[in-house]
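Welcome, and please have a look at the sequence and the model shown here.

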Amino acid sequence: MDILEEIVAHKREEIAERERYVPLQQFIGDVQRMVDAGKPASMRKALMQSPTGIIAEFKRKSPSKGWIHRDARVEEVTPMYQEGGASALSILTDTMYFGGYDEFIQQARKAGVTIPILYKNFIITDYQLFQARFCGASAVLLIAATLTKDECRHLQDMAHALGLETLLEMHGDRDFEYAELEPDMYGINNRNLGTFVTDVDNSFRLAERLPDGVCKVSESGISDPEVVKALRKAGFNGFLMGEHFMKAEQPGLALRQFIEAL
C-alpha cells in the first residue's frame with residue numbers, strides 16, 4: 001500500500017465515524033441556508049484575473065516532512081496571506097496526516113479573510129462537500145487518482161449544486177481522461193501522491209495536454225519566482241504554494257517577499 005492508498009483507506013473510516021457522531025441532518029439546514037444566500041467568491045475568477053495567481057496554503061504538517069510549522073495559528077497566518085497579496089488560499093483540513101481541521105476555515109473567515117478558500121482534503125463522499133460548504137470554503141479539491149471518473153463526475157455535480165467550485169487534480173497521463181469532466185480549475189500536481197516525490201517539470205510536461213482557455217493550476221514544489229514566471233508563460237494561471245511559506249517563521253511575510261520578487 002502506497003501513501004495515498006493508506007490515506008484514502010483511513011479517510012473512509014474517519015468519515016464513517018464522523019457521520020455516526022455528526023449526521024448530515026444536523027447541519028444540512030444550515031448549509032441549505034448558505035446555498036440560498038448565494039455562492040462564495042469565485043476562486044477561478046480570482047486566479048484568471050490575478051497578475052500573480054498565488055494560492056497560499058496553510059499547511060502545518062505533511063506525511064513526508066512531518067511537522068512543518070506546528071505552532072502556526074490560522075487566524076494569524078491567513079489574514080497576513082490576504083494582506084500580502086495572495087489571490088486565494090488553500091487550507092488543509094485533514095487531521096491525521098496534515099494536522100488540519102475544518103474549523104481552520106471557519107477561523108480564517110472569522111479573522112476577516114474574504115478571498116476564495118480551497119477546502120483541501122481527500123474528498124471521497126458527498127458528506128465532505130457539505131462539510132466544506134458549512135465551514136466557509138469557496139472550492140474543493142477532487143483528486144483523479146482517488147476517484148473513478150463516475151465518482152468524480154458525481155462529486156463535481158454535487159459540489160456545483162452546493163455553490164462550490166472544483167479544482168481537479170491530475171498528476172500523470174492516466175488522469176487526463178478526467179479532463180473531459182470540465183472542472184472549474186485544472187490542476188497539475190508536481191508531487192506523486194504515492195511516493196511524495198516532487199518534480200516541477202511535471203507541470204511543464206503536461207501543460208499542453210490541458211484544453212486552451214481554461215484555468216490551469218500548478219501545485220506543489222514551487223519555491224522560485226522565476227519558476228512561477230516560466231509556468232505562467234506555459235499557460236498556468238494559479239500556483240499553489242504551501243511549504244515554501246509555512247517553513248518560514250512568518251509565512252505572511254515570506255509570501256509578501258515572494259510576490260515582490262515577481
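This is a predicted model: local features need pLDDT of at least 70, side-chain atom pairs count only at pLDDT 80 or more; totals for chains, interfaces and linings use all residues.

At what angle do helix H2 and H6 pack, and how far apart are their axes?

## Helix H2 against H6

Helix H2, made of residues 28–37, packs on H6 at an angle of about 60°, and the two axes are 9 Å apart. Angles from 65 to 115 degrees would count as roughly perpendicular, and values under 35 degrees as roughly parallel. H2 and H6 are therefore oblique to each other. The crossing in which H2 passes H6 is left-handed.

To find the place where they meet, look on H2 for Ile 28, Asp 30, Val 31, Met 34 and Val 35, which meet Phe 130, Arg 133 and Phe 134 in H6. Sorted by class, the contact of H2 with H6 holds six nonpolar and two charged residues, with no polar ones.

## Helix H1 against H6

H6, which covers residues 126–135, also packs with helix H1, residues 3–21. Here the angle is about 70° and the axes lie 10 Å apart. That angle makes H1 roughly perpendicular to H6. H1 passes H6 in a left-handed crossing.

On the H1 side, the contact is made by Lys 11, Ile 15, Arg 18 and Glu 19, and on the H6 side by Tyr 127, Gln 128 and Gln 131. This contact of H1 with H6 has three charged, two polar and two nonpolar residues.

While you are at H1, stop at Glu 14, which is found in this helix. Glu 14 is partly exposed, with a relative accessible area of 25%. Follow the chain for 102 residues and you reach Pro 116, whose C-alpha atom is separated from that of Glu 14 by 26 Å.

## Helix H4 against H11

Are H4 and helix H11 roughly parallel or roughly perpendicular? H4 and H11, the latter spanning residues 251–261, pack at an angle of about 15°, with 8 Å between their axes. That makes H4 roughly parallel to H11. H4 passes H11 in a right-handed crossing.

From H4, the contact takes in Val 77, Met 80, Tyr 81, Glu 83 and Gly 84; from H11 come Pro 251, Gly 252, Leu 253, Leu 255, Arg 256 and Ile 259. The residues of this contact of H4 with H11 divide into seven nonpolar, two polar and two charged.

## The nonpolar core

Which residues have the most contacts inside the largest nonpolar core? They are Tyr 81 and Phe 245, and the core has 85 residues. Tyr 81 is also one of the H4 residues in the contact with H11.

Phe 245 is in contact with Tyr 81 itself, and with Ile 54, Ala 56, Pro 251, Ala 254, Leu 255 and Phe 258, leaving aside neighbours within four places in sequence. Two of these, Pro 251 and Leu 255, belong to the H11 side of the helix contact described above.

## Residues in loops

His 69 sits in the loop between strand E3 (66–67) and helix H4 (74–84). His 69 is buried, with a relative accessible area of 18%, and the cut-off for buried is under 20%. Not counting residues up to four places away in sequence, His 69 touches Arg 60, Met 246, Ala 248, Glu 249 and Pro 251.

Two other loops hold residues with a positive phi. Glu 182, in the loop between strand E7 (165–170) and strand E8 (185–189), has a phi near 55°, a positive value in a residue other than glycine. Ser 220 is not a glycine either, yet its phi is positive at about 80°; Ser 220 lies in the loop between strand E9 (216–219) and helix H9 (225–233). Are they buried or exposed? Glu 182 counts as exposed at 59% relative accessibility, whereas Ser 220 is buried, with a relative accessible area of 8%.

## A stop in strand E6

Finally, look for Ile 143 in strand E6, which covers residues 139–143. Ile 143 is buried, with a relative accessible area of 5%. Leu 167 comes 24 residues away along the chain, and the C-alpha atoms of Ile 143 and Leu 167 are separated by 8.4 Å.

Key:
Residues are numbered from 1 along each chain as its sequence is written. Side-chain values use heavy atoms; hydrogens and water are left out. Axes are lines fitted to C-alpha atoms, for helices over the stretch in contact, and angles run from 0 to 180 degrees between N-to-C directions. Helices (H or I, at least four residues) and strands (E, at least two) are DSSP runs, numbered from the N terminus. Angles under 35 degrees count as roughly parallel, over 145 as roughly antiparallel, 65 to 115 as roughly perpendicular and the rest as oblique. A crossing is left-handed if the near helix is turned anticlockwise from the far one by less than a right angle, and right-handed if clockwise. Contact means heavy atoms within 4.5 Å. Ala, Val, Leu, Ile, Met, Phe, Trp, Tyr, Cys and Pro count as nonpolar, Asp, Glu, Lys and Arg as charged, and the others, Gly among them, as polar. A nonpolar core is a set of buried Ala, Val, Leu, Ile, Met, Phe, Trp, Tyr and Cys residues joined through side-chain atoms within 4.5 Å. Buried means under 20% relative accessible area, exposed over 50%, partly exposed in between (1.4 Å probe, protein chains only).
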